[in-house]
Amino acid sequence: MKKPLVGDDPQKQEANKRRNFTIRINIFFFCTFFLFSILIVRLAMLQFVEGKELQAKKAEMGMRPTPIPPIRGNIFDRNNYPIAFTSSTQSLYFRIQSPRPEDEVIALANELSRIFAKYGNPNQKRLTPEEIVKEMDVGYDINKKDTPIINYRYSPRRIKSDLTKEELAYIMEHRDELKWVEVMEESIRTYDPKPIAVQLVGYMRPYSAARTSNLKLYKDKEKTSEYMETEAVGFDGLELQYQESLRGKNGTKSYPVDASDKIVGKVEITKPQKGDNLFLTIDKDVQRAAEQAIVDQLKWLKSPEARNNPYARRGQNAVAGYAVAMEVKTGKVVAMASIPDYDPSIWLGGISQSDFKRIEPYMNNGTITTAVPDYPENERGKHPSSIVYMGSTIKPLSVLIGLKEGLITPSTPYNDTGTFVFGKDNSKISNSDGTPYGPLVAWSAIWHSSNTFMSAMIGNPLAQRSGAEAPKIWADYLAKFGLGVLTGGGLPRESAGINEFLTNTKESIQSRMVYASWGQNEKTTTLQLAQYATTLATKGKRLQPQFVDKIKTYEGKLIKEFDDPIVLDETQFPDSYWDAVYTGMQKVGVQGFDGFPYNFARKTGTSTQSVAGKDVDNGVLIAFAPVEKPKLAVAVVIPEGDSALGARRRLHAKFLMRMTNIMVWTIRGRKGLLKQGNNKERRLPAESGGRRFRESSGRKVPFFLSRSCTNATKLHTLNYDHRCIGRASRMKKEDGAHEGKANVVILETVLDDADLLGIGGGGVHCSECDSSRPMNKEEPGAA
């Protein structure tokens, strides 16, 4: 029989509950203590046992900065016209952040190629998957064959620049699908559609090409440590000379990475600092006028008219020309033309081999270094380069040397028989065409360009008196005028020319000095000739050529201004010496300058040199104006473009007329150059002779008042690209004509192409304007 159930004692039940709770609390505290004990022991191990190892691992981690190229500074002419400027573009980059399956990378390349083909610019070359994998630089090609990695693993790889809006929109919309790629904003170089001073400005190429070149700047690892391989940098001209200023300062994208270069944290961005803007001394209008003048001259030399001229046809092989115009007061270069030139945008995105070979002969700046004529490759060696003998342009300096060395006085007489015989072998020197000039003194020897005077009175006596020292004495004088030495302008790849009277030791000193005295032993660049002409104009001060007028920040704050001339050398000569030189230079006959409104000094030269076994003649010119207070100096070289004096007068007539315009424009500070629009006219300052200027044809063109063509009532074409607008009192209001005072006409100097109509009576013949009355030379604007 079972015992009946008896209920628990309530007190006993409460005691059991308290005991159980106490046990649970004790277990909890024990577990907590145990866990904290483990944590403390672990921390102690980290601190005292594993600390050194962990510290070493921490040192292996770091921030990997990726440079962000800054916005490159712009290049403007002296009147703020953009020549080379920066525009923004979007580029697609690929980044290696961690090991990826090869199949996925190749699939991404195929997809990107499809996107580019569908949404990209149809005028651009399509990137193939093979090319994209190569640009990714992942260590293998599209066939999974190993290739060397060129860049650091953390450095982003540019796949394509200048993305279209459609490409950009698609990529941004499918960001989650297109892994490992990112879009970055970059800048690209843009140039004026009509190239301006191409070789002076220079060009740009990727840094990857620059650092493997011989350019000193890019071998300096400290200065280029943050350059990106794909970044465009200056490779020549001002783009190279002012690379550091134009480039600005790098920004950075910094990624924290571990020892295996895996990105393990958030990117940190430091914005780049924009580059500085350059404002050149070049005036785009003067520059284009100089370039067009050369182009037209070369074209005319190949025209039927020139071929039918027994003198002019000797220049039919000329294919290049070079001109430099410098301000006499400051040394600032107003124009530097090297023709032929090319479109500098050809370098953007990489240049093809065919394009490179096409421009290679003339991509150098022919005014400062060797440029090869634009002939087929197998023909180039048969024609002169851009560095030619000075020819007769040296004769003003030869006279100064002769006077300074006491070999002659300003009034020392010489009877020019047309030839001079010297040396044991009776070598003979002749004037052009063997012309005898009879009695000469220093100034008339320059005027007539007497080779025999320079040889007999200067070159030969210097050799006989000074012997082995004569070449050095000659070289020292030339250097003081900028010949045989660098000009100091700092342009990359500048040549110092060649003083062959120093290097050609196979010839006797007597022979070397005789030929040097009339310019057949000194090869110079056009810039050297311009510096030489400027030194003549300043009476012995050799000024450094300046190409930059001022430098400003990208935002427009002035950093530096180049107003003061930099005198590199100075030589003192008595005033009587300068009087002799200036008098002779003012009388030199140059047909293209008739009607020039200022007294000006000039010297032409025909330099003869042997090329591929035959003699060729080069046309050379120096000039400066006004003589009383020189403001502009000009030098021109046309290789293979000249022969004898008679030919030179014909060959250069049209070209020199255009150079005359350049000189007038610059001397007058361009105050007379107006744009078309309201047909306003105004009177120039007193020193301009009160001539008026008016707008016409959308070009900035000078107008002169003349008494000729008084019967004209409409537009007629005159010689040398002049147009007789007609008598103001009878002019119709057509062709932009305007009313004015009676008995005066407006003579327009036009810059577009036109044929020469002929020369006669010391002026030009206006058959329709004035019933066969030629202009008087004294009349302003007469050609």
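This is a predicted model: local features need pLDDT of at least 70, side-chain atom pairs count only at pLDDT 80 or more; totals for chains, interfaces and linings use all residues.
1. Asn-277 belongs to strand S10, which covers residues 277–280, and the residue is buried, its relative accessible area being 5%. When neighbours within four places in sequence are left aside, the residues in contact with Asn-277 are Gly-73, Asn-74 and Phe-76, together with Lys-550, Ile-551, Lys-552, Thr-553 and Tyr-554.

2. For the chain as a whole, 22 helices and 32 strands are found, and 52% of its 783 residues count as buried. Of the contacts between residues at least 6 apart in sequence, 68% join residues that are at least 24 apart.

3. Setting aside neighbours within four places in sequence, Ser-386 is in contact with Tyr-322, Gly-366, Thr-369, Thr-370, Ala-371, Thr-524, Val-637 and Pro-639.

4. How do helices H13 and H16 meet, and at what angle do their axes cross? The axes of H13 (residues 395–404) and H16 (residues 470–480) come within 11 Å and cross at roughly 120°, and the two helices are therefore oblique to each other. The crossing in which H13 passes H16 is right-handed. From H13, the residues Leu-397, Ser-398, Ile-401 and Lys-404 take part in the contact, and they meet Trp-474, Tyr-477 and Leu-478 of H16. By residue type, this contact of H13 with H16 is made up of five nonpolar residues, one polar residue and one charged residue.

5. The bond from Ile-339 to Pro-340 is cis, with omega near 10°, and Pro-340 is found in the loop that runs between strand S12 (333–339) and H12. The bond from Ala-625 to Pro-626 is also cis, with omega near -20°, and Pro-626 is found in the loop between strand S25 (614–625) and strand S26 (632–638).

6. Backbone torsions of two further loop residues may also be checked. Asn-426 has phi near 55°, which is a positive value in a residue other than glycine, and this residue is placed in the loop between strand S15 (419–422) and strand S16 (427–430). Asn-426 is exposed, with a relative accessible area of 56%. Arg-493 has phi near 65°, again a positive value in a residue other than glycine, and Arg-493 lies in the loop that connects H16 with strand S18 (498–499). The relative accessible area of Arg-493 is 37%, so this residue counts as partly exposed.

Terms used: Residues are numbered from 1 along each chain as its sequence is written. Side-chain values use heavy atoms; hydrogens and water are left out. Axes are lines fitted to C-alpha atoms, for helices over the stretch in contact, and angles run from 0 to 180 degrees between N-to-C directions. Helices (H or I, at least four residues) and strands (E, at least two) are DSSP runs, numbered from the N terminus. Angles under 35 degrees count as roughly parallel, over 145 as roughly antiparallel, 65 to 115 as roughly perpendicular and the rest as oblique. A crossing is left-handed if the near helix is turned anticlockwise from the far one by less than a right angle, and right-handed if clockwise. Contact means heavy atoms within 4.5 Å. Ala, Val, Leu, Ile, Met, Phe, Trp, Tyr, Cys and Pro count as nonpolar, Asp, Glu, Lys and Arg as charged, and the others, Gly among them, as polar. Buried means under 20% relative accessible area, exposed over 50%, partly exposed in between (1.4 Å probe, protein chains only).
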